[in-house]
Amino acid sequence: EVGSGRGGGARHIASTLKPASYTGLDLAQSAVELANKLHPLPNLKFIQGSAEAIPLPDNSIDAVINVESSHAYGSVDKFLSEVKRVLKPGGHLLMVDFRYSHQMDQYKTQVGNSGMKLISEEDITSNVVKAIEAEDKMKTERIRTLFPEKWQKLFSEFAGVVGSKFHLNLVNRERLYYRFVLEKVS
């Protein structure tokens with residue numbers, strides 16, 4: 001997983017689907033250290049590295065997962081090139097991310113020019129909005145109980161609760177949220 005952060009998603013996949021091995025990669029060494037501490041599973045490890053220079057051998061990975069991360073990269077083209085390099089022939093990139101609507105065509109072009117076969121592409125914006133709205137009460141209550149009042153608005157924006165800029169951008173489609181599945185062909 002490229003952009004594994006604190007490792008919660010990696011832990012879920014490693015413990016539920018039980019792959020032989022699962023590696024989470026993150027740029028922040030502090031996130032890597034925390035993830036290794038929080039999620040000590042025998043088939044899971046976290047390493048530090050850049051999405052634009054993945055520190056793994058050519059043709060060594062069956063699947064790459066990338067969740068809400070590529071929008072922050074300096075070069076999406078370099079990231080996609082690195083994914084193609086490390087994937088085994090027949091390997092897959094599973095990617096979900098958002099862009100402002102005026103940037104989505106460029107993002108789709110980058111995905112299309114990756115040298116990998118596009119298996120599927122889906123606009124999941126409405127599903128993300130529904131998920132945000134379904135969990136809003138729980139998130140809002142957690143923010144209310146965990147943070148002093150003066151910080152609650154900031155954390156509500158960060159968490160993307162109902163009425164936050166992120167939520168409203170998705171509702172009015174100023175931002176779009178897409179998922180892609182790509183395959184490295186032989």
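Helices here are DSSP runs of at least four residues, numbered from the N terminus. The structure is a predicted model, and the tour below goes from the whole chain to single residues.

**The whole chain**

Start with the protein chain in cartoon view. The secondary structure comes to 8 helices and 6 strands. Read from the N terminus, the elements follow the order α-β-α-β-β-α-β-α-β-α-α-α-α-β. The radius of gyration is 17 Å, close to the 16 Å that the globule rule gives for 186 residues, so the chain is as compact as a globular protein of that length.

Now show contacts. Among those in the protein chain with a separation of 6 or more, 69% are between residues 24 or more positions apart. Of the 186 residues, 38% are buried. Switch to the surface: the accessible area of the protein chain is about 10500 Å², and carbon and sulfur atoms hold 55% of that.

Colour by charge next. The protein chain has 24 positive and 22 negative charges, and their mean positions lie 4 Å apart.

**Stop 1: helix α3**

The structure holds 10 salt bridges. Side chains of opposite charge can pair when their charged atoms come close. Select residues 76–86, which form helix α3, and show the side chains of R85 and E82. The two meet in a salt bridge, at 2.9 Å from N to O. R85 and E82 are 3 residues apart, about one turn of the helix.

Which of the two partners is buried, and which is partly exposed? E82 is buried, because its relative accessible area is 7% and the cut-off for buried is under 20%. R85 has a relative accessible area of 24% and is partly exposed.

**Stop 2: from strand β5 to helix α4**

Move to strand β5, residues 117–123, and helix α4, residues 101–112. Show E121 and K108, whose side chains form a salt bridge at 3.3 Å, N to O. E121 belongs to the strand and K108 to the helix, so the pair ties together parts that are 13 residues apart in sequence. E121 has a relative accessible area of 36% and is partly exposed. K108 is also partly exposed, at 26% relative accessibility.

**Stop 3: D123 and R173**

Select D123 and R173. Their closest N and O atoms are 2.5 Å apart, in a salt bridge. Where in the chain do D123 and R173 lie? D123 is in strand β5, while R173 is in the loop between α8 (165–171) and β6 (175–183). The pair links distant parts of the chain, 50 residues apart. D123 is partly exposed at a relative accessible area of 26%, and R173 is partly exposed at 40%.

**Stop 4: two loop residues with positive phi**

Finish with the backbone. Select N59, in the loop between β2 (44–48) and β3 (61–67). N59 is not a glycine, yet its phi is positive, about 50°. The residue N59 is partly exposed, with a relative accessible area of 41%.

Then go to E68, in the loop between β3 and α3. Its phi is also positive, about 45°, although E68 is not a glycine. At 40% relative accessibility, E68 is partly exposed.

Technical notes: Residues numbered from 1 in each chain as written. Predicted model: local features only at pLDDT ≥ 70, side-chain atom pairs only at ≥ 80, totals over all residues. Heavy atoms only, no water. Rg over C-alpha atoms; globule rule 2.2 N^0.38 Å. Buried < 20%, exposed > 50% of the residue type's maximum accessible area, 1.4 Å probe, protein only. Contact = heavy atoms within 4.5 Å. Areas by Shrake-Rupley, 256 points an atom, 1.4 Å probe, with all protein chains shown as cover. Lys, Arg positive; Asp, Glu negative; His and termini not counted. Charge placed at Lys NZ, Arg CZ, Asp CG, Glu CD. Salt bridge = Lys/Arg side-chain N within 4 Å of Asp/Glu carboxyl O.
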